[in-house]
Amino acid sequence: MIQLYWKNATAEVVGSEHGISQGDLTAISDRLSAAVDAVRSQAEAGQLGYTKLPARTDYRDRALQLTEKYRPGCTDLLVLGIGGSALGNIALQAALNPATYNLQSDRARGGPRLFVLDNVDPALIKDTLDLLGRRLKTTVLNVISKSGETAETASQFMIVRELLRKRLGDDFARHIVATTDANKGTLHDIAAQDGYDTMVVPDDVGGRFSVLSPVGLFSAAMCGIDIKALLDGAREMADACKGPWSANPAGMLAAINYIAMTAKGKPMHVMMPYSNRLYLLADWYRQLWAESLGKAHNKAGAEVFVGPTPIKALGTTDQHSQVQLYREGPNDKLTIFLEVEKHPKDLRVPDVFGEIPGLTYLRKARISKLLNAEKLATEYAMAQSKRPTVTIRFPEINAANVGAFIYLYEYTTSLMGELLDIDPYDQPAVELGKRATFALMGREGYADVARQIKPFTKIDRNYLI
């Protein structure tokens, strides 16, 4: 299973001003113990639905049942969703299938190509639909929305549903799977009216915590990912997080992040995978961290304006674009490296250019060794600049380890919410933007909001250069 290595975030390595000392840990030990007890109690009381997902065989079995039904003859899977209804799907695909997956032949893939429309950029939508072209007849559409009224997903759905209806006639409903509320809502009602197969968006699981639910499981299974192993890995991590905070990875990860943010002046939290396959897990992490922990008010309603800013980087790419800032700019960052011991594939540098001294060291070297050496070199360089870093070590990239990583960060997020005394499960700041969008698009019932927005719709030419 994945492991947390945090020595290079300690005062021993980067100094007491920027690193975590035993005294720092002792000072918050009681708070951490209380946070662990609170989250555990909430989970046992059934308040944290995401903690149940690794053991939910019903969700898993429904995803596998529909995969068995739809995968034969399906050349393309088109997923419509945004935020938590898309980022997890994309991250699982990137981590557990080759980067060239969609470029392979249908026979070589053994499953459908995957396209996730997670934005309403018209060029993205039109380009994707143009690419599908005649293959729409062998495309399965998975629309994911609890309510069915999220503007981005609803508009996409209206476009693709109509396209399927025109191309396939009365048969179009057999190409649509709706992941939505079990009992109510616009998409639920449309699915019942049209006759789609459905899966559940759980009532007790927020969108950004939903990747291990049917929201993420169906597309993963359709594309050949072992969702049983994915859930087994998450369950193994859940077991590892049952002990006292100092002996479980989520407790220690929460302690490091909290101390770095509140006591060491490190509000910027960089996730830097040394693996392209893990890079989009950093996108998933950014939403989880930002929406959950960025809050204006604490649980008592007092203004606090807290939250670490999540940033993604890629090793080694961003050694040549970001590390200059990370080492010599403001010392306001905690960096979390993702390291892979055994990469999914490897190759060796040829034994050539022996006459060129500057290239001799690369001859016959494995590329995996070079990549991991680059990570260690960056870790060392950051330490020399007194920049704290943490490493999450993947023995290999497989479904179980990815599932463990997902659960680790979800549980750590809950602990961070307790430490910061905020609600990590709501996102009130997102709602105004949604209502403003409805108003600007002329939705009935939003006239008052439209009037408030009106001054912002006019360009003041005094400020236009």
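**View 1. Tyr5 and its partner across the sheet.** Tyr5 has Thr391 of strand 12 as its bridge partner. The model is a predicted one, where local features need pLDDT of at least 70 and side-chain atom pairs count only at pLDDT 80 or more, while totals for chains, interfaces and linings use all residues. Residues are numbered from 1 along each chain as its sequence is written, and side-chain values use heavy atoms, with hydrogens and water left out. Strand 1 and strand 12 (residues 389-396) run antiparallel and are joined by three bridges. Strands here are DSSP runs of E with at least two residues, helices are runs of H or I with at least four, and both are numbered from the N terminus. Two strands pair if DSSP finds at least two bridges between them.

View 2. Zoom out a bit and you get an open sheet of five strands, in the order 1-12-11-7-10, with mixed pairing. Strand 1 (3-5) and strand 10 (309-312) sit at the edges with a single partner strand each, so one side of each has no neighbour in the sheet. On average, neighbouring strands of this sheet are turned by 20° against each other, direction ignored. For angles, axes are lines fitted to C-alpha atoms (for helices, over the stretch in contact), and values run from 0 to 180 degrees between N-to-C directions.

View 3. How many of the residues of strand 7 are buried? Five of its six are, so to speak, under cover: the strand is mostly covered. Buried means under 20% relative accessible area, exposed means over 50%, and partly exposed is in between, using a 1.4 Å probe and protein chains only. Strand 7 runs parallel to strand 10, with four bridges joining them, and Met271 stands opposite Lys312 in strand 10. With strand 11, strand 7 pairs in the parallel sense over six bridges; there, Met268 has Lys333 as its bridge partner.

**View 4. Helix 15 and Asn372.** Helix 15 (residues 367-384) lies across strand 11 (333-342) and strand 12, and runs at about 155° to strand 11. Asn372 has its place in this helix 15. Is Asn372 buried or exposed? Its relative accessibility is 19%, so Asn372 counts as buried. Leaving out residues up to four places away in sequence, Asn372 touches Glu339, Val340, Glu341 and His343; contact means heavy atoms within 4.5 Å.

View 5. Strand 2 (residues 76-80) pairs with strand 3 in the parallel sense over five bridges, and Leu77 has Leu114 in strand 3 as its bridge partner.

**View 6. Helix 10, under cover.** Nine of the nine residues of helix 10 are buried, including Pro214, Phe218 and Met222. After helix 10 comes Gly224, with a positive phi near 85°.

**View 7. Helix 10 against helix 11.** Helix 10 (residues 214-222) and helix 11 (residues 227-240) pack at about 135°, with axes 9 Å apart. That angle makes helix 10 oblique to helix 11; under 35 degrees would count as roughly parallel, over 145 as roughly antiparallel, 65 to 115 as roughly perpendicular, and the rest as oblique. Leu217, Ala220 and Ala221 of helix 10 make the contact with Ile227, Leu230 and Leu231 of helix 11. The tally for this contact is six nonpolar, no polar and no charged residues. Ala, Val, Leu, Ile, Met, Phe, Trp, Tyr, Cys and Pro count as nonpolar, Asp, Glu, Lys and Arg as charged, and the others, Gly among them, as polar.

**View 8. Trp284 in the largest nonpolar core.** Of the 94 residues in this core, Trp284, Ile392, Val402, Phe405 and Tyr409 touch the most other members. Helix 16 (residues 399-420) gives the most to the core, with 13 residues. A nonpolar core is a set of buried Ala, Val, Leu, Ile, Met, Phe, Trp, Tyr and Cys residues joined through side-chain atoms within 4.5 Å. Among the residues that Trp284 touches are Leu87, Arg208, Phe405 and Tyr409, not counting residues up to four places away in sequence.
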